[in-house]
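Here is a short briefing to read alongside the sequence and the 3D view.

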Amino acid sequence: MVFARPRQAMTAATAMLADGRGPYETSIAHQAIGILRREFGDLDAAIRELRQAVRLARRSGSPDREADVLATLGIALLQHGRTRPGLSALDTAAALAGGTTRARVLFRRAGARWILGRHGEALDDLEIAAPALLGAGDTVWAARALTLRGHVRLARGSVALADEDFRVAQRMFATTSQEHDSVVAIQNRGVVAFRAGDLPAALDLLDEADRGFQALGTPMFDLAADRCAVLLAAGLARDALEQADGALGHLARLRGQATMRAELLLIAARAALLAGDPGTARARAGEARALFAGQRRAWWAAHAQLILIQTALTEATAPIGRTAGGGAVSGSSAGQSDGGMGSGGGVVSARSLGEAGRLAARLATLGSPEVWQAHLLAGRTALVLGRAREADHHLAEAARARHRGPATARAGGWLAEALRAAAAGRPRRLLYACRAGLALIEEHRLAFGSSELRALATAHGAELVTLAQRHWLRAGRPRHLLAWTERWRATSLEVPPVRPPDDHWLLAQLAALRETDHLLGRARSEGSSSAATLERDRDRLEARVRAATLRVRGAGARDDDPGPGGRRLLAAIGGGRLVELVVVDGVLYALLCGDGRVRRFTVGPAAAAVTEIEFARSRLRRLAYQDRTAPQELARLGARLERALLGPVATRLGNERQSGGPLVVVPPSTLHGAPWGLLPALRRRAFSVAPSAAAWLRARTAVPPADGGVVLVRGPGVANADGEVRSIAELYAEAAGPATVLADGSATAQGVLAAIDGCRLAHLAAHGTFRADSPLFSSLLLDDGPLTVYDLERLRRAPYRLVLSSCDSGQVAAVGADEVLGPATALLRLGTAGIVASVVPVNDEAAVPVMVALHDGLRRGLSLAEALCAARGDDVSFIAIGAG
């Protein structure tokens with residue numbers, strides 16, 4: 001009853017003790033209470049109960065009873081971090097017991113050996129225990145033994161065999177009343193799905209298990225560890241770190257298992273490293289290693305050491321780049337034979353190389369599937385030190401991972417092969433390895449329906465792309481540099497969109513989120529004490545919506561268009577100009593496309609460009625709230641920004657008479673927030689900005705709907721929006737078909753989504769909020785609350801053209817390798833041809849004539865870029881995105 005019905009078990013055990021029964025039955029009662037205390041985290045109390053149970057069992061004169069309790073005590077001591085006495089208790093129990101009891105004891109000892117990372121010894125015990133339990137018809141314990149064997153096999157990398165064990169165990173538990181074990185089986189299937197690379201299925205199964213454990217009232221900290229591992233694989237490192245730290249806090253409050261604390265610390269360390277926080281990673285991994293060493297858990301201690309070495313190399317070298325295996329950084333500069341200075345300023349020494357090499361050997365001895373990561377670390381370190389032979393040896397060992405395991409691990413093997421080829425000066429092999437690694441990550445990415453996960457997953461391929469870019473940069477081949485840049489830029493826009501499931505539960509959560517946000521805004525404005533509670537409710541609802549969309553599966557195939565070949569792109573540009581900005585090793589380059597050729601120019605440090613964007617945005621934010629702008633200050637700001645972003649290309653853009661074609665800027669994700677209209681070379685030109693050249697080509701071929709109309713939306717509380725919408729409506733009233741206007745209570749989320757679905761042109765004058773922390777919760781405020789990106793992704797057909805007249809409506813967040821997330825990119829992915837939006841705060845009063853003039857130009861047949869250029873005047877807030 002302990003696991004299936006814990007509350008009833010405690011009541012029954014307490015009643016048995018109150019009845020004053022004999023030592024045999026009383027021993028059982030104390031043992032049950034001890035297990036309950038252990039499972040709910042109070043190990044000190046558990047050990048006291050179990051020691052009493054052992055004393056009573058001895059008095060009963062039953063060796064099997066004593067052995068059974070000793071085995072339970074051994075597990076509790078082990079979880080408390082007292083490894084030697086725990087193993088001693090288990091060994092004594094195995095010697096005392098006979099028959100089925102001995103098989104149960106061997107199962108427990110196998111569990112202890114699994115916890116300690118002694119997988120071969122664990123399998124030895126299970127090969128005896130499992131058949132004996134099956135032969136005795138002991139269904140529950142036999143199923144538990146198969147479950148444990150599945151975990152051991154999983155730790156050794158045998159995913160298919162582990163899956164078979166878990167499936168058989170689940171079928172066996174289904175014939176019993178063991179609800180807890182049945183839920184554990186669901187959790188285990190989630191772990192197998194994760195190991196197999198099916199992350200949406202893993203998240204779905206782990207969420208199902210979480211609901212089951214909550215219903216049983218049983219805290220399961222290993223479930224938190226499993227969820228963190230899946231989040232890490234999905235690229236959600238910050239989420240994983242927060243969840244691991246939350247579980248650690250909960251475990252500490254319950255005075256829980258020291259063994260689980262160490263495992264959660266290891267997960268937190270890995271998450272911190274991937275989240276770009278090496279200091280936290282070092283602290284967590286160091287504490288985990290100390291705990292594992294004290295618990296005599298060599299397998300786990302070796303993995304904590306792996307994180308520590310990865311962190312040291314991360315801090316010593318730059319630029320930082322996440323590997324497919326989740327850890328180290330690139331470093332190929334040669335150093336001295338006994339020590340090299342990493343480009344990040346830290347020292348990489350021969351000692352570091354020796355530690356990484358010894359760790360690789362240790363992990364291989366322990367049978368760890370992550371041994372390739374240690375070899376990759378050693379190979380990188382040898383490259384920094386200029387030790388070519390040692391680097392080649394370790395990278396060749398790491399490259400073996402490309403033939404087995406989940407997609408991200410195999411991609412890590414191809415990364416090792418690419419680094420090896422680069423060091424040996426074998427460009428063909430280098431490019432082959434990069435293509436193969438990216439193809440694996442692309443396959444992995446296609447499983448995701450969530451646009452967030454698709455974007456984040458590209459981080460696994462960032463270094464492969466950089467290696468290829470570096471090669472073509474040195475080779476002086478700008479067309480190839482363009483092709484490889486496009487291969488991994490804004491790729492989440494290339495995959496067919498997957499709408500969130502049209503279920504009533506998710507719709508209800510989105511509606512509740514809008515209502516809560518509406519009430520929160522009112523509570524804050526009134527200074528109400530309910531604001532804190534409402535904020536917690538909003539966070540909870542956001543978490544539910546996000547979790548539901550993360551579980552959505554992908555369509556499983558890319559768009560028919562694989563991206564722009566050089567000829568096709570140049571043909572579309574014609575005499576115009578497309579400027580693709582590329583960052584390689586911290587330097588910003590401009591690839592100027594037009595007149596049938598691609599030319600490369602060096603602009604300058606990428607960090608300087610980011611600094612200038614931040615400075616310009618801060619000044620424009622202040623100027624937006626002044627009655628009159630200062631033309632001279634705008635000119636100075638624009639000139640500074642132009643030098644940092646375009647450099648020598650600014651004078652090579654020609655003019656509209658000379659070019660006779662489009663002018664397009666394609667920045668990397670980190671530079672998308674620039675106020676491009678401020679640049680002197682662009683300020684009086686019709687230009688558009690696109691996330692990638694491929695995205696621009698797709699938008700350019702979008703076909704306007706034959707039956708779509710014009711929809712104008714006015715949200716609540718926007719100064720001058722009434723006059724703006726009324727004036728625009730009058731323009732279209734003069735045309736053949738009047739515009740649909742939603743305002744004054746009719747501008748609800750459901751009403752707006754229904755109206756703009758498939759329309760020719762939508763104009764939304766509503767307050768916007770950009771959420772850099774969670775860009776898909778960026779929103780527009782409507783009459784019934786915020787309309788989020790999650791809502792927009794439910795559209796069956798995106799509006800052909802869209803105008804967003806609110807502040808910062810064109811803002812996006814840089815995620816993954818070179819991906820962008822935000823309202824504008826969500827609509828481009830759904831099929832919108834072009835968007836006009838602001839990238840800085842807008843002066844509401846000054847924006848009205850710009851918007852009216854923009855629509856007048858559209859009504860006369862101009863493109864979005866042309867209409868905005870004609871309407872802009874002195875405004876620098878708005879840009880045209882896409883090609884509409």
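The accessible surface of the chain comes to about 34100 Å², and 51% of that surface belongs to carbon and sulfur atoms. Accessible areas here come from the Shrake-Rupley method with a 1.4 Å probe, and for residues only the protein chains shown count as cover. This is a predicted model, in which local features need pLDDT of at least 70 and side-chain atom pairs count only at pLDDT 80 or more, while totals for chains, interfaces and linings use all residues. Residues are numbered from 1 along each chain as its sequence is written, and side-chain values use heavy atoms, with hydrogens and water left out.

**The whole chain**

- Of the 884 residues of the chain, 58% count as buried; buried means under 20% relative accessible area, exposed means over 50%, and partly exposed is in between (1.4 Å probe, protein chains only).
- The chain has 38 helices and 18 strands, where helices (H or I, at least four residues) and strands (E, at least two) are DSSP runs numbered from the N terminus.
- Among contacts between residues at least 6 apart in sequence, 71% join residues at least 24 apart; a contact means heavy atoms within 4.5 Å.

- How far apart are the end C-alpha atoms of helix H8 (residues 139-155)? They are 24 Å apart, which agrees with the 24 Å that its 17 residues should span at 1.5 Å a residue; the expected span is 1.5 Å times one less than the number of residues.
- H8 is mostly covered, with 16 of its 17 residues buried, and just after H8 you will find Gly-157 with a positive phi of about 90°.
- Helix H19 (residues 388-399) has 12 residues, which should span 16 Å at 1.5 Å a residue, and the 16 Å between its end C-alpha atoms agrees.
- In H19, the buried residues are Ala-391, His-394, Leu-395, Ala-398 and Ala-399. They cover an arc of only 140° around the axis, which puts them on the same side of H19; the arc is that of the directions from the helix axis to the C-beta atoms.
- As a rule, an α-helix has 3.6 residues a turn, so residues three or four places apart point the same way.
- The cover over the buried residues of H19 includes helix H17 (350-366), helix H18 (371-385) and helix H20 (407-424).
- Helix H23 (residues 462-475) has 14 residues that should span 20 Å at 1.5 Å a residue, in agreement with the 20 Å between its end C-alpha atoms.
- H23 is mostly covered, as 10 of its 14 residues are buried, among them Trp-472, Arg-470 and Glu-463.

**Strands and how they pair**

- Three strands form an open sheet in the order E11-E12-E13, with antiparallel pairing. Strand E11 (768-769) and strand E13 (785-788) stand at the edges with a single partner strand each, so one side of each is left without a neighbour in the sheet.
- E11 and strand E12 (residues 779-782) pair in the antiparallel sense over two bridges; two strands count as paired if DSSP finds at least two bridges between them.
- Which residue in E12 is the bridge partner of Gly-768? The partner is Leu-780.
- Strand E17 (residues 834-838) and strand E18 pair in the antiparallel sense over five bridges, and Ile-835 stands opposite Ile-881 in E18.
- Strand E18 (residues 878-882) is mostly covered, with five of its five residues buried.

**A residue in strand E9**

- Thr-740 lies in strand E9 (residues 740-742) and counts as partly exposed because its relative accessibility is 40%.
- Thr-740 touches Val-710, Val-711 and Leu-712, leaving aside residues up to four places away in sequence.
- Between Thr-740 and Gly-709 there are 31 residues of separation in sequence and 7.8 Å in space, C-alpha to C-alpha.

**Backbone angles in loops**

- Most residues other than glycine have a negative phi.
- Arg-296 is not a glycine, yet its phi is positive at about 55°; Arg-296 sits in the loop between helix H15 (278-294) and helix H16 (298-316).
- Asp-595 also is not a glycine, and its phi is positive, near 55°; its place is in the loop between strand E4 (587-594) and strand E5 (597-605).

**Cysteines**

- How many disulfides are there? The count comes to zero, taking a disulfide as a pair of cysteine sulfur atoms within 2.5 Å.
- Cys-434 counts as buried at 0% relative accessibility, and Cys-593 counts as buried at 0% as well.
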